[in-house]
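Please examine the model shown below. The questions that follow concern helix packing and the nonpolar core.

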There are 2 protein chains.
Amino acid sequence: MTMKEDIAIRARQIDEIIMRMMPDITGPQKTIYEVMEYTMRAGGKRLRPMLMLETYKMFGGTSKVIEPFMAAIEMIHTYSLIHDDLPCMDDDDYRRGKKTAHVVYGEAMALLAGDALLNYAFETASNAFTYEEHLKDAAKALKILAKKAGVFGMLGGQVVDVEMEGQPLSLDEIEFIHKKKTAALIEASMMIGAILAGASEEQVQTIKEISRKVGVAFQIQDDILDVIGSEEELGKPIGSDEKNQKTTYVSLMGIDQAKAEVEELSEEAKSQLSLFIGEDKFLMDLITYLIDRDN
Amino acid sequence: MTMKEDIAIRARQIDEIIMRMMPDITGPQKTIYEVMEYTMRAGGKRLRPMLMLETYKMFGGTSKVIEPFMAAIEMIHTYSLIHDDLPCMDDDDYRRGKKTAHVVYGEAMALLAGDALLNYAFETASNAFTYEEHLKDAAKALKILAKKAGVFGMLGGQVVDVEMEGQPLSLDEIEFIHKKKTAALIEASMMIGAILAGASEEQVQTIKEISRKVGVAFQIQDDILDVIGSEEELGKPIGSDEKNQKTTYVSLMGIDQAKAEVEELSEEAKSQLSLFIGEDKFLMDLITYLIDRDN
């Protein structure tokens with residue numbers, strides 16, 4: 001079995017967990033469930049819940065307290081895509097080859113579905129509080145989730161991305177956007193996995209460093225693939241960043257320096273992670289795959 | 001001092017608490033703080049945090065654990081207004097006589113500011129977890145906050161409101177929208193106040209019933225005022241519902257039946273509340289004022 005196949009199988013197992021946590025809406029507002037479900041099912045490799053679960057297992061976690069948070073992080077990721085695709089933002093009609101929510105259901109309903117998923121992420125995460133023996137850790141995890149998704153995390157990155165649109169970016173600004181817009185939810189995923197498994201404060205900090213490097217490397221790799229990847233493989237026109245005159249790490253530093261940066265971040269992250277990795281090497285392989293991927 | 005003056009003074013005290021809880025953003029994403037602050041400062045009577053605080057005090061609450069939740073409920077209320085005002089929703093350029101967020105900062109930034117306030121509401125509420133002796137109650141309160149703001153609460157009402165726009169509504173549909181869109185956050189406010197003060201399960205349930213009646217009566221009164229109020233007093237053109245051909249409780253049942261319904265809900269709510277009210281009658285006066293208000 002290739003790594004790609006292994007990830008796909010695990011992603012389907014995660015799908016089952018996540019979709020079980022979706023709300024059961026039968027009232028007059030049931031349309032919103034359709035939109036939420038449509039976007040949640042619209043593919044995706046479930047990388048964030050996968051990283052969360054694997055980090056949780058690595059630190060010896062065995063309870064189902066992780067499941068509400070696995071669903072929550074994917075809901076937050078999905079809401080951010082719905083809102084990013086809206087006409088007032090990137091105005092994208094397609095994502096992963098499927099029509100975006102506002103194209104199918106209209107702008108108002110897409111807006112509300114994004115709101116609904118963000119809100120339901122916290123509603124779902126708060127279900128973890130029923131595991132009373134994990135209450136303190138679940139409370140800590142929810143706080144991390146909110147922080148990393150919010151103005152000091154993902155949303156902060158989106159703000160700068162939106163505000164600087166069409167303008168050349170400095171390296172500092174690009175790094176800020178990478179750390180926030182992309183890396184923050186990866187950080188949340190792995191930190192929450194560690195916290196819920198009862199990892200020490202110091203271990204959680206190391207996981208934070210590792211996950212930030214993974215997130216930034218993942219984003220630079222994305223920018224590299226935008227330049228060299230093929231349209232078919234990525235499901236979006238190649239060179240779309242260039243076409244949109246978007247400054248990326250690659251356009252600023254050149255492709256060789258970008259590759260070297262990915263390599264360095266990747267080596268650092270994996271070397272730090274090797275201290276924790278036990279018999280199950282999947283998390284290490286997953287991170288290698290994410291960073292080295294060619295599509 | 002009139003009730004109106006008393007409420008205004010207390011609202012300013014609540015402002016201090018709330019604005020202290022706003023994020024301190026100095027990074028490249030600081031524009032988002034401007035938008036968040038602009039909308040949070042754009043007036044408002046702070047009724048939800050006021051109801052929360054007064055219910056909390058009524059059940060003997062004395063800790064500052066209530067403060068993060070007071071801020072959170074107002075952030076959620078404010079985010080819902082920002083998104084409601086967007087062009088793809090109600091497309092309102094003014095609210096309470098001030099330009100709406102998207103008019104001042106553009107649609108993308110208004111969208112993100114709404115997202116940011118919703119997210120920051122949970123980030124703020126999760127700060128209550130630092131009061132370890134209240135951890136269990138704070139966890140319960142956060143769950144209620146998420147539920148009442150989400151698809152089974154306020155958002156559920158907005159969905160039906162949006163979906164039925166321009167179509168005649170049945171009484172059931174109107175009642176659904178009232179209970180969700182308006183009453184759900186009032187319920188959350190008073191229930192959270194009760195929960196954090198350590199009220200019993202049964203008491204919280206009674207508070208839920210009371211607050212739902214208050215919320216629905218408040219909304220019907222709003223519809224009545226839309227018909228009979230003066231433009232100057234309400235700050236919006238009178239009869240705007242009629243102009244928009246919006247079905248309301250008043251248009252469906254007639255003004256006399258609407259007034260009778262407000263009266264009945266109000267009497268029931270106050271009679272239930274009288275069981276809990278002690279020396280401090282402010283909560284009772286506040287509810288009377290809210291329901292009987294003429295602007």
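Q: In which helix does Ile76(A) lie?
A: This is a predicted model, in which local features need pLDDT of at least 70, side-chain atom pairs count only at pLDDT 80 or more, and totals for chains, interfaces and linings use all residues. Residues are numbered from 1 along each chain as its sequence is written, chains are lettered from A, and side-chain values use heavy atoms, without hydrogens and water. Helices are DSSP runs of H or I with at least four residues, numbered from the N terminus. On that basis, Ile76(A) belongs to residues 66-85 of chain A, helix α4.

Q: Is Ile76(A) buried or exposed?
A: Buried means under 20% relative accessible area and exposed over 50%, with partly exposed in between (1.4 Å probe, protein chains only). The relative accessible area of Ile76(A) is 0%, so this residue is buried.

Q: Which residues does Ile76(A) contact, leaving aside its neighbours within four places in sequence?
A: Contact means heavy atoms within 4.5 Å. With those neighbours left aside, the partners of Ile76(A) are Leu118(A), Ala121(A), Phe122(A), Leu145(A), Ala149(A), Met154(A) and Leu185(A).

Q: How are α4(A) and α6(A) oriented to each other, roughly parallel or roughly antiparallel?
A: Axes are lines fitted to C-alpha atoms, for helices over the stretch in contact, and angles run from 0 to 180 degrees between N-to-C directions. Helix α4(A) packs against helix α6 (residues 107-125) of chain A at about 160°, with the axes 8 Å apart. Angles under 35 degrees count as roughly parallel, over 145 as roughly antiparallel, 65 to 115 as roughly perpendicular and the rest as oblique. The pair α4(A) and α6(A) is therefore roughly antiparallel.

Q: How many residues has the largest nonpolar core?
A: A nonpolar core is a set of buried Ala, Val, Leu, Ile, Met, Phe, Trp, Tyr and Cys residues joined through side-chain atoms within 4.5 Å. Those with the most contacts inside the largest one are Ile32(A), Phe69(A), Ile76(A), Ile32(B), Phe69(B) and Ile76(B). Ile32(A) is in contact with residues including Met109(A), Val151(B) and Val159(B). The size of this largest nonpolar core is 215 residues.

Q: Why are α10(B) and α14(B) roughly antiparallel?
A: Helix α10 (residues 201-228) and helix α14 (residues 255-273) of chain B have axes 9 Å apart. Their packing angle makes α10(B) and α14(B) roughly antiparallel. That angle is about 155°.

Note on methods: Helix = DSSP H or I, 4+ residues; strand = E, 2+ residues; numbered from the N terminus.
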